[in-house]
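Colleague: I'm new to reading folds. Could you walk me through some strands and helices?

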Amino acid sequence: MANEELFTNRAENYQKSRPGYAEGVIGLLLGEILKPDGRIADIGSGTGLFAKPLIEHGFSVYCVEPNAKMREQAVREFAGNPHFISIAAVAEATTLEEHSMDIVAAASALHWFEMENFQRECKRILKPEGIFFAVINCRNYADPFTLRQHKLCQRLCPDFTSLSHGLEKTIPRLEILLGKAYQSQRFDFPLTYTKEAFIQRSLSSSYAPEPDSPEEREYIKALRQLMEEFFPHTDRITLPNQSAAFWGRPI
């Protein structure tokens with residue numbers, strides 16, 4: 001399946017359950033990186049989780065997303081907002097004008113891009129002094145629940161590699177795009193879910209079993225059992241997590 005189709009059957013769960021990013025990430029952008037009149041391209045924008053706080057601060061965000069179902073969720077979220085510009089395109093061929101963007105961003109998306117072509121496209125659409133910015137959430141493997149969830153996913157999700165697979169794949173791509181001189185900062189961002197929301201979050205992952213399949217039902221049952229073991233007598237769970245931000249000028 002092409003990368004742009006991976007989330008077609010997961011868009012609704014994605015919109016309902018994905019947590020966004022630490023407030024410090026947006027504070028970093030607004031305080032140190034983004035000019036007051038800056039233009040932002042959010043590449044692989046999904047349902048608009050990263051774009052939302054920027055749009056709310058009055059910035060125009062060009063949300064480039066190839067998956068129709070994910071775009072539909074964002075269009076419903078930002079209906080009528082002039083600062084939201086939806087673009088049906090892939091990361092490697094955005095259709096944006098040459099040297100038109102102050103920031104090109106990828107939020108939990110860089111690991112899906114074909115880097116040689118994206119590097120070329122990123123440099124094409126950025127202004128000469130423009131910045132590439134990436135952010136991704138990072139689960140903490142020192143946490144016992146996270147370790148057990150990892151083992152559960154290994155057993156029940158054939159395409160699973162790691163709960164940190166996005167970060168693990170992002171780092172080498174950053175070095176391709178930015179060299180080794182990029183800057184980074186991490187922000188504590190514990191993830192709190194109701195148990196049902198955590199199920200939805202788990203089902204929104206690209207490696208989750210196919211919707212409405214026997215494998216999905218087994219996966220849901222195992223997740224419920226795991227939560228009851230670690231978080232009995234409560235409807236909420238909290239997991240340690242950080243939002244990691246990376247930025248620099250493409251080489």
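This is a predicted model: local features need pLDDT of at least 70, side-chain atom pairs count only at pLDDT 80 or more; totals for chains, interfaces and linings use all residues.

Colleague: Which residue of strand 9 is the bridge partner of Q185?

Modeller: That's A245.

Colleague: What other strand pairs with strand 9, and in which sense?

Modeller: Strand 5 (residues 126-139) does, in the antiparallel sense, over eight bridges. For one spot to look at, find F132, which stands opposite G248 in strand 9.

Colleague: Is strand 9 mostly buried or exposed?

Modeller: Start with the general idea: in a regular strand, side chains alternate between the two faces of the sheet. Now the case here: seven of the eight residues of strand 9 (residues 241-248) are buried, so the rest of the structure largely encloses this strand.

Colleague: Okay, on to helices. How do I describe two that pack together?

Modeller: You give the angle between their axes and the distance between the axes. Here, helix 6 (residues 144-156) and helix 9 (residues 214-230) pack at about 160°, with axes 11 Å apart. An angle over 145 degrees counts as roughly antiparallel, so that's what helix 6 is relative to helix 9. The crossing is right-handed.

Colleague: Which residues meet there?

Modeller: From helix 6, they include F145, L152 and L156. On the helix 9 side, look for Y219, L223 and F230, among others. The residues of this contact split into 11 nonpolar, one polar and four charged.

Methods. Residues are numbered from 1 along each chain as its sequence is written. Side-chain values use heavy atoms; hydrogens and water are left out. Buried means under 20% relative accessible area, exposed over 50%, partly exposed in between (1.4 Å probe, protein chains only). Helices (H or I, at least four residues) and strands (E, at least two) are DSSP runs, numbered from the N terminus. Two strands pair if DSSP finds at least two bridges between them. Axes are lines fitted to C-alpha atoms, for helices over the stretch in contact, and angles run from 0 to 180 degrees between N-to-C directions. Angles under 35 degrees count as roughly parallel, over 145 as roughly antiparallel, 65 to 115 as roughly perpendicular and the rest as oblique. A crossing is left-handed if the near helix is turned anticlockwise from the far one by less than a right angle, and right-handed if clockwise. Contact means heavy atoms within 4.5 Å. Ala, Val, Leu, Ile, Met, Phe, Trp, Tyr, Cys and Pro count as nonpolar, Asp, Glu, Lys and Arg as charged, and the others, Gly among them, as polar.
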